[in-house]
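The reader may wish to keep the sequence and the structure in view throughout.

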Amino acid sequence: MDQTNFVNAWLIKKTDDIVLDRYTLSIPLTYPIYDEIDEGDTITIVIEQGNDHRIVRFARVFRVRHTLDHTTIYFDGSVESDGTETID
């Protein structure tokens, strides 16, 4: 049987309760949609400034770990942005 692996691209808005470090992103379980993030997926992380959403990081997911209160996403690659690019 043929098995096809799909890679998804995610857009995540950084809020006060989402913790972003250099190689990890920790998301509370109040965001159940992020349970679908899988190894190999790519993530674009944005912050809200006024009416703009500014890109702060691009990353590829290495591993995803779930606990009782949050999901931690580990990156195997990450590129920071200077925050000048926006998403309309």
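## Salt bridges and strand pairing

Arg 60 is partly exposed, with a relative accessible area of 44%. The model under discussion is a predicted one, and every value in this report is computed from it.

The partner of Arg 60 is Asp 76: the two form a salt bridge in which the closest N and O atoms are 2.8 Å apart. Because Asp 76 belongs to strand S6 and Arg 60 to strand S5, this pair ties together parts that are 16 residues apart in sequence. Asp 76 is likewise partly exposed, at a relative accessible area of 36%.

In total, the structure contains five salt bridges.

| Salt bridge | Closest N and O atoms |
|---|---|
| Asp 76 and Arg 60 | 2.8 Å |
| Glu 48 and Lys 13 | 3.0 Å |
| Arg 57 and Glu 80 | 3.6 Å |

The salt bridge between Glu 48 and Lys 13 has its closest N and O atoms 3.0 Å apart. Glu 48 lies in strand S4 and Lys 13 in strand S1, so the pair ties together parts that are 35 residues apart in sequence. Glu 48 is partly exposed, with a relative accessible area of 45%, and Lys 13 is partly exposed as well, with a value of 35%.

Arg 57 and Glu 80 form a further salt bridge, with 3.6 Å between the closest N and O atoms. This pair links distant parts of the chain, since Arg 57 is in strand S5 and Glu 80 in strand S6, 23 residues apart. Arg 57 is buried, with a relative accessible area of 7%, whereas Glu 80 is exposed, with a relative accessible area of 56%.

## Strands side by side

The strands named above also pair with one another. Strand S1, residues 9–13, runs parallel to strand S4, residues 42–49, and five bridges join the two. Within this pairing, Ile 12 stands opposite Ile 45 in S4.

S4 also pairs with strand S5, residues 52–66, here in the antiparallel sense and over eight bridges. Ile 45 stands opposite Arg 57 in S5. Two residues lie between the strands in the hairpin of S4 and S5, where Gly 50 takes a positive phi near 65°.

Strand S6 covers residues 70–80, and Thr 71 is part of it. Is Thr 71 buried or exposed? Thr 71 is buried, because its relative accessible area is 3%, and a residue counts as buried under 20%.

The side chain of Thr 71 makes a polar contact of 3.0 Å with the side chain of His 66. Leaving aside residues up to four places away in sequence, Thr 71 touches Leu 25, Ser 26, Ile 27, Leu 29, Asp 35, Val 64, Arg 65 and His 66.

## Aromatic rings

How many aromatic pairs does the structure hold? The count is zero.

Terms used:
Residues are numbered from 1 along each chain as its sequence is written. This is a predicted model: local features need pLDDT of at least 70, side-chain atom pairs count only at pLDDT 80 or more; totals for chains, interfaces and linings use all residues. Side-chain values use heavy atoms; hydrogens and water are left out. Helices (H or I, at least four residues) and strands (E, at least two) are DSSP runs, numbered from the N terminus. Buried means under 20% relative accessible area, exposed over 50%, partly exposed in between (1.4 Å probe, protein chains only). A polar contact is a pair of N or O atoms within 3.5 Å; within protein, one must be able to donate a hydrogen and the other to accept it, and residues adjacent in sequence count only if both atoms are side-chain atoms. Contact means heavy atoms within 4.5 Å. Two strands pair if DSSP finds at least two bridges between them. Rings of Phe, Tyr and Trp (its six-membered ring) pair if their centres lie within 6.5 Å; planes under 30 degrees apart count as stacked, over 60 as edge-to-face and the rest as tilted. A salt bridge is a side-chain nitrogen of Lys or Arg within 4 Å of a carboxyl oxygen of Asp or Glu.
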